[in-house]
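Student: I want to go through the pockets of this protein. Please show me the structure.

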Amino acid sequence: MKIAGTGSALPTKQVTNDDLSKFLDTSDEWIFPRTGIKSRHVISDENLEDLAVEAVNKALEMASVAACDIDFFICSNVVNEYITPGLGCVIASKAGLACPSIDINCGCPGFVYGMDIIDKYFRSGTVKNVLLVAAEEPSRMTAWTDRSTCVLFGDGAAAAVFTEGGNYLASKLSARPDPDPLYQYHLMEPTPYVTKEEYSLPLQMKGREVFKFAITACLDDIKTVLDKAGKKVEDIDYFLIHQANQRIVDSIRGHLGVEEAKFPTNIIDHGNSSSASCLILLDECNRKGMFKRGDLLLFSGFGAGLLSGSALLEW
Ligand code: COA
């Protein structure tokens, strides 16, 4: 497969670090040096599915593929207002798609997981045009009184259209199964039979543990992908790393010994928009005309689960 088109859409409201410091005991002086974030887009009046549809339409237009010609669709999402149907069905109904869709909840590396599933579909010879959407609203997961989590995240949606081609060169999905470092509970509907105590909790995160996991897992995955593809670090033109924290990205870049220009970032005005991060970054770089045919792009994501994954794609 190959990527034939990308698109993204962001909420209009931008919340700066100074805005946050008006109601939280925090400051730009704390947030920016520790995370690289200055502001983030946060959903106010928009609906997540409408942002996703905007991203889909842009990606379809770039790929010159009609919505009715998409024959499979994966939606990567952690939280949205529907419990059923999957957000993919909601997006499909508004975007005029008529194909089966699957929702995946793989957290931040969802983009890489989605791409890897799509690759398997292409290899089975059953699809010609496939859509991947990552639509995320982590601002609805964090407690806005918890300065250690809410300052890190931003909302957004992005999409990519995949068509036939031999450009997906290698991938590695990994897991260190353990929900404890990063999880959220929501309250289920009560029944007459449940006797155990149930409660809801906003996003809980052990920041330092996640930080260390992110760097170790990302470096392991990248090394495996390079080995599988018979490539070296210096062969890669761009590393598109999940935008969780500028210091995580810088540390990975430092370990690999790669110059800054090969590690584009947009965290400064987006924050971490979970699985949408990498795909929004891809679309922004693509629309700036950064990539040329034959460039090697290495994607990597990590997050709740704890899950991680990397993939190598030729542009
Ligand atoms: N403003 C001001 N102070 C803050 C703060 C904020 N927004 N957030 C935390 N602090 C305080 C803490 O309360 C703590 O104070 P204390 O020493 O008095 O207890 C102090 O800063 C240090 O907190 P700590 O959590 O140890 O900071 P850190 O250097 O580990 O940085 C993160 C915190 C969250 C930025 C960092 O751990 C991180 O980025 N982790 C990865 C998170 C991530 O990417 N998650 C998603 C993965 S997909």
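This is a predicted model: local features need pLDDT of at least 70, side-chain atom pairs count only at pLDDT 80 or more; totals for chains, interfaces and linings use all residues.

Student: What volume does the largest pocket have?

Tutor: A pocket is an open set of points on a 1 Å grid over the protein atoms alone, where a 1.4 Å probe fits, with protein on both sides within 12 Å along at least five of seven lines. Points join across faces, edges and corners, and probe spheres set on them fill the volume. For the largest pocket that gives about 840 Å³.

Student: Which strand gives the most to the lining of the largest pocket?

Tutor: Lining residues have an atom within 4 Å of a point. Strands are DSSP runs (E, at least two residues), numbered from the N terminus. β5 (101–104) and β9 (182–185) each supply at least two lining residues. The top contributor, with four residues, is β9.

Student: Which residues lie nearest the centre of the largest pocket?

Tutor: The lining has 31 residues. It divides into 18 nonpolar, nine polar and four charged. Nearest the centre are Val-78, Val-79, Asn-105, Met-141 and Gln-184.

Student: Which helix gives the most to the lining of the second largest pocket?

Tutor: This pocket holds about 610 Å³ of space. Helices are DSSP runs of H or I, at least four residues. Among the suppliers of at least two residues each are α2 (28–35) and α7 (246–256). The most, six residues, comes from α6.

Conventions: Residues are numbered from 1 along each chain as its sequence is written. Side-chain values use heavy atoms; hydrogens and water are left out. Ala, Val, Leu, Ile, Met, Phe, Trp, Tyr, Cys and Pro count as nonpolar, Asp, Glu, Lys and Arg as charged, and the others, Gly among them, as polar.
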